[in-house]
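Dear colleague,

Please find below the structure that I am handing over to you, followed by a short account of what was found in it.

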Amino acid sequence: MGEKTLALEKPQPVELADPRGSQAQPPSDPIPVSRGKPSAVAAGIPAIVETIKHAFGKAGPLRGARLLYRLNQVGGYDCPSCAWPDPDGERSFFEFCENGAKAAADEGTARRAGPDFFARFSLAELSERSDYWLGKQGRLTEPMVLRPGDTHYQPLCWDEAFALLGSELNALDSPNEAVFYTSGRASNEAAFLYQLFAREYGTNNLPDCSNMCHESSGSGLSETIGEVKGTVTLDDFEKAQLIVVVGQNPGTNHPRMLTALQKAKRGGAAILSVNPLRETGLLAFRHPQQLLTAPTQLTDLFLQVRINGDVALFQGIGKAILETDGVDEAFVRGRCENFLAYADHLRSVSWDEIALDSGIRETQIRAAARMFAGNERIIVCWAMGLTQHENAVDNIREIVNVLLLRGAIGKPGAGVCPVRGHSNVQGDRTMGIWERPTPAFVAALEKATGITAPRAHGFDTVNSIHALHEGKAKVFLALGGNFLSATPDTEYTAAALRSARLTAHVSTKLNRSHLVAGRTALILPCLGRSERDEQAGREQFVTTENSMGVIQMSQGHLRPASEHLLSEPQIVARLAQAALGARSKVRWAWLTEDYDRIRDLIAQVVPGTEGYNDRARKPGGFYLPNAAREGRFQTASGKARFTVHPLPSRELRPGQLLMMTVRSHDQFNTTIYGLEDRYRGLSGDRRVVLLNREDMSALGLREGQRVDLTSHFRGETRTARRFQVVGYDLPRGCACTYFPEANALVPSRQVARISNTPASKSVVITVAPARDDAPLDPERTPESQCRSR
């Protein structure tokens, strides 16, 4: 925005079309949208019905039952969905949620996408299908290659695949021309080997999905309390007096969290919810195993904050606490620093500014402040609603400020709880997947392995996209994930991937990233979490780390989807052997014959993992050390730090709205399980834009109208076409869309300060009638595409 006017804006430079004809964005063909009443209660009987439908419908009754029986159980496998922790003690027979069952069923599907499938469809034809359709085609069965000039993937053997990878890596002028991306589904063992290989190869180009989600959390917490992770355990929820859920939709994204909130509520805790959308999972919950009891009303006070109004809101809460003498003075004086600067800033900010920027009345903010001031055991939970703004790190620091005012960190029932969205994204970072490793980690890695690791920082996710686009990186390898659909600026990212000499993806199922390929492309199919992993005649297990710093074992027991699948550790080890050969100092094959050997090596490098193998085998696993949880702040001064931030600028011109992207209920990250957004009362087309009805009237828009969305950033525009208008309960000036459909609007250079996380929740847009509003075809749906196969 700045001083530029709309007349001076120019469209983002048009990227060159893919010579293979593949499309980067999902198809925009009009599909009907069904409206219903949003659900009043989360979970309950509908969750049971959906669980059975997905588990038995996709995997079959016997395999589906076996999938659910082992899910999140001691001796079973860790859910491949979210990172919410399992109970430390006794677990119920059904220790999973509806969306966890969907994730397990998606992995355990009976359908297969093998060589015959790829022979039938060209890249261009596949790219014309919806992401939902792509995911429905089943498990990948064999390594596939797309050679220069080809339009179809073809099978090749594993030896050929690794030889090709090794040859391409060794042909680079510098190791820093390779990018090694990691998804949060990779196990600790695979992630540790992956970063070890990348660093012995010679680069710290280790971007991961955390760069796009909770990087802002780590950046905000490290400076203020000396910790990059959350400080609470699951038991703390039962001890808390107040739980604050902000910028998070637990009913869809972390459904098992609702059980913890229900227990806390029944134990007398109050719950404050803060969000632009009045999500069902924030309001009421019926436990699927307690259908004869009444639903639990969760939220005591709901604050419908404007998009990116959180800094103003928490400054208002802090200001009210100061004005009513609600400060824990002993804690602040003895354990904190920079309080006076923070207090002076709050006194200088007017209530009018706070109310305007947050969208919340002063009386409501004072009511929230009384909830803080009346309690000392306080937990604040958050997710992407806070971490994907330009001022995202400030959002996190403001939460810390308010908790420090009340002395609510480092005691039972109190602390910070960034809720991770992928099952092992936190574990991958613990294992060294980071473009900016600490000197201590690098020194320990070198000592344990004998390698010489690079010191220069590498590319994070956003900078990897720029490096590929500019030719500074030429090979892209992904250990899991759907990079194209998870990242911002879809067309720009697609052009970056197409410019690579080689793109390679370790995957279980087909996704759009496989269709937007480099000059040469590989698909490397791997075992799923639920599948039996045998090495050297012995069954293996892997480990993961949940949102609360617990490392536990995960062991699959189902027969693999194909005899040609390799485990992730095996793929990484064989890739390392192919690229490094005899010059490697690591015994790759020996390590992957027995994963205990990998864990023994990890224990020599990662603090807190001593005795890894014995401790991982104990029911429930073990906690990693967390100084802030124990009341020790590992900052430069040894004290927790108050921080001062300006209120974010809210510069919207007439006709502009602030857009955020969210998931639907039938979605996990970029995986689309179905077309129902049950809690919001929507089903059908995913290309919808939720708008405040008064904004619709002011803009001359009507319910169901097809529109084009245009984003505005620093004089550039990006347009995503054919979205359907849905009137919804949103604050004025706000808009909401699903990702990945709206990722094309998110500028790659609009990022959070310090963390460099894409600002996917703060996109300035305008809405206009669609240029070519094609009529709706009630016969054309993603389901019909699936049936036509």
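Please note that the model is predicted. The side chain of Arg532 forms a salt bridge with that of Glu534, at 3.5 Å from N to O. Glu534 is also partly exposed, with a relative accessibility of 47%.

Elsewhere, salt bridges with shared partners connect Asp208, Glu215, Arg429, Glu435 and Arg436 in one network. Within this group, the side chains of Glu435 and Arg436 meet at 3.4 Å, N to O. Glu435 is buried, at 3% relative accessibility, whereas Arg436 is partly exposed, at 29%. Over the whole structure, the search finds 55 salt bridges.

A further salt bridge joins the side chains of Arg678 and Glu98, with an N to O distance of 2.8 Å. This pair links distant parts of the chain, 580 residues apart: Arg678 lies in the loop between strand 29 and strand 30, and Glu98 belongs to helix 3 (residues 98-107). Buried means under 20% relative accessible area; Arg678, at 18% relative accessibility, therefore counts as buried, and Glu98 is buried at 6%.

Three bridges connect strand 2 to strand 30 (residues 682-684) in the antiparallel sense; in strand 30, Gly684 is the bridge partner of Val33.

With kind regards

Terms used
Residues are numbered from 1 along each chain as its sequence is written. This is a predicted model: local features need pLDDT of at least 70, side-chain atom pairs count only at pLDDT 80 or more; totals for chains, interfaces and linings use all residues. Side-chain values use heavy atoms; hydrogens and water are left out. Two strands pair if DSSP finds at least two bridges between them. Helices (H or I, at least four residues) and strands (E, at least two) are DSSP runs, numbered from the N terminus. A salt bridge is a side-chain nitrogen of Lys or Arg within 4 Å of a carboxyl oxygen of Asp or Glu. Buried means under 20% relative accessible area, exposed over 50%, partly exposed in between (1.4 Å probe, protein chains only).
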